[in-house]
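Please look over the sequence and the model first.

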Amino acid sequence: MLVSTETKKEPTIIEVNGIRIGDKNQIAIIAGPCAIESEELMDEVASKLSTMGVKILRGGAFKPRTDPYSFQGLGKEGLEIIRNSADKYGMAVATEILDVRDIELVEQKADILQVGARNMQNFGLLKELGAIKKPILLKRGLSATIEELLLAAEYIVSHGNPEVILCERGIRTFEKETRSTLALATVPLIKELSHLPIIVDPSHATDKKSLIEPMTKAAIACGADGVIIEVHANPEKALSDAQQQLKPEEFKQMLENLKPIANAVGKTF
Ligand code: PEP
Ligand code: MN
């Protein structure tokens, strides 16, 4: 397997906007709202995150919602909004690609194309993403094994794109207190099995505001190359994932609290 440490020993480092994702001395921080809701929201969040040193802005224009009647994202307009906000504040864009038909559009506006949990085994999409020249953030499927995650990454890499960032975002178990169960053993295990970077999404894994900071600390402590966290200017009013998005001030405080943990494992952000 191309993604295996047996094939390539040195870690794959993916450089985005000056951040070296996969560098053993760095933690990549990706933050932003769940969905791009408006120009005002994106501008406010990007402006605040950029002052905290965040270099990669997230936000969904195409939202994979369980309920077909809930907010589906702003689509093309959303992509333009996030691109403009990111450019204004010197940030890169990470955004989800839901459909092969939108690849050209998303590729034009994004610096990192995210494949969400629900699409991890959309093999047609994975093959097409193998043909593009931008990093892919591949999230673990809701009920995918670690082997299946690596095989999904193999689809992208074997089709020509070596820049894949893996993401542990929790899996579905019998537990109902958290939306998913954050399987942190994935992080050190992936480090044994693969040279690809692995980041953690404590926001979707827990779906509970109070759990984001402790699980982010744990993710850093166990060797994650980065974290992706949802931050919204006004979480109570968010059109999706209102219960787990952090306010910019809360996120700022959390970043401060993460520093000793990062230092303890020899990393900075
Ligand atoms: C997201 O990151 O916007 C998202 C929908 O996450 P996941 O695919 O992990 O559920
Ligand atoms: Mn979300």
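This is a predicted model: local features need pLDDT of at least 70, side-chain atom pairs count only at pLDDT 80 or more; totals for chains, interfaces and linings use all residues.

Residues are numbered from 1 along each chain as its sequence is written, and side-chain values use heavy atoms, with hydrogens and water left out.

**Pockets**

A pocket is an open set of points on a 1 Å grid over the protein atoms alone, where a 1.4 Å probe fits, with protein on both sides within 12 Å along at least five of seven lines; lining residues have an atom within 4 Å of a point. A volume is the space filled by probe spheres set on the points. In the table, Ala, Val, Leu, Ile, Met, Phe, Trp, Tyr, Cys and Pro count as nonpolar, Asp, Glu, Lys and Arg as charged, and the others, Gly among them, as polar.

| Largest | about 440 Å³ | 4 nonpolar, 10 polar, 11 charged residues |

The largest pocket is lined by 25 residues, and the closest to its centre are Pro 64, Arg 118, Arg 169, Arg 179 and His 204.

For the second largest pocket there are 13 lining residues, with Met 52, Gly 53, Val 54, Leu 255 and Phe 269 the closest to its centre. Strand S3 (28-32) and helix H9 (248-264) are the elements that give two or more residues to this lining; H9 supplies the largest share, 4 residues. Helices (H or I, at least four residues) and strands (E, at least two) are DSSP runs, numbered from the N terminus.

**Helix H5**

Helix H5 holds 13 residues, 146-158, and should span 18 Å at 1.5 Å a residue; its end C-alpha atoms are 18 Å apart, which agrees. The expected span is 1.5 Å times one less than the number of residues.

Buried means under 20% relative accessible area, exposed over 50%, and partly exposed in between (1.4 Å probe, protein chains only). The buried residues of H5 include Ile 146, Leu 149, Ala 153 and Val 157. Among the elements covering the buried residues of H5 are helix H4 (123-129) and strand S8 (164-168). Just after H5, Gly 160 has a positive phi of about 115°.

**Cysteines**

The whole structure has 0 disulfides, a disulfide being a pair of cysteine sulfur atoms within 2.5 Å. For Cys 222, the nearest cysteine sulfur is that of Cys 167, 12 Å away. Cys 222 is partly exposed, at 26% relative accessible area, whereas Cys 34 is buried, at 2%.

Notes
Chains are lettered from A and ligands numbered from 1 in the order in which they are written. Contact means heavy atoms within 4.5 Å.
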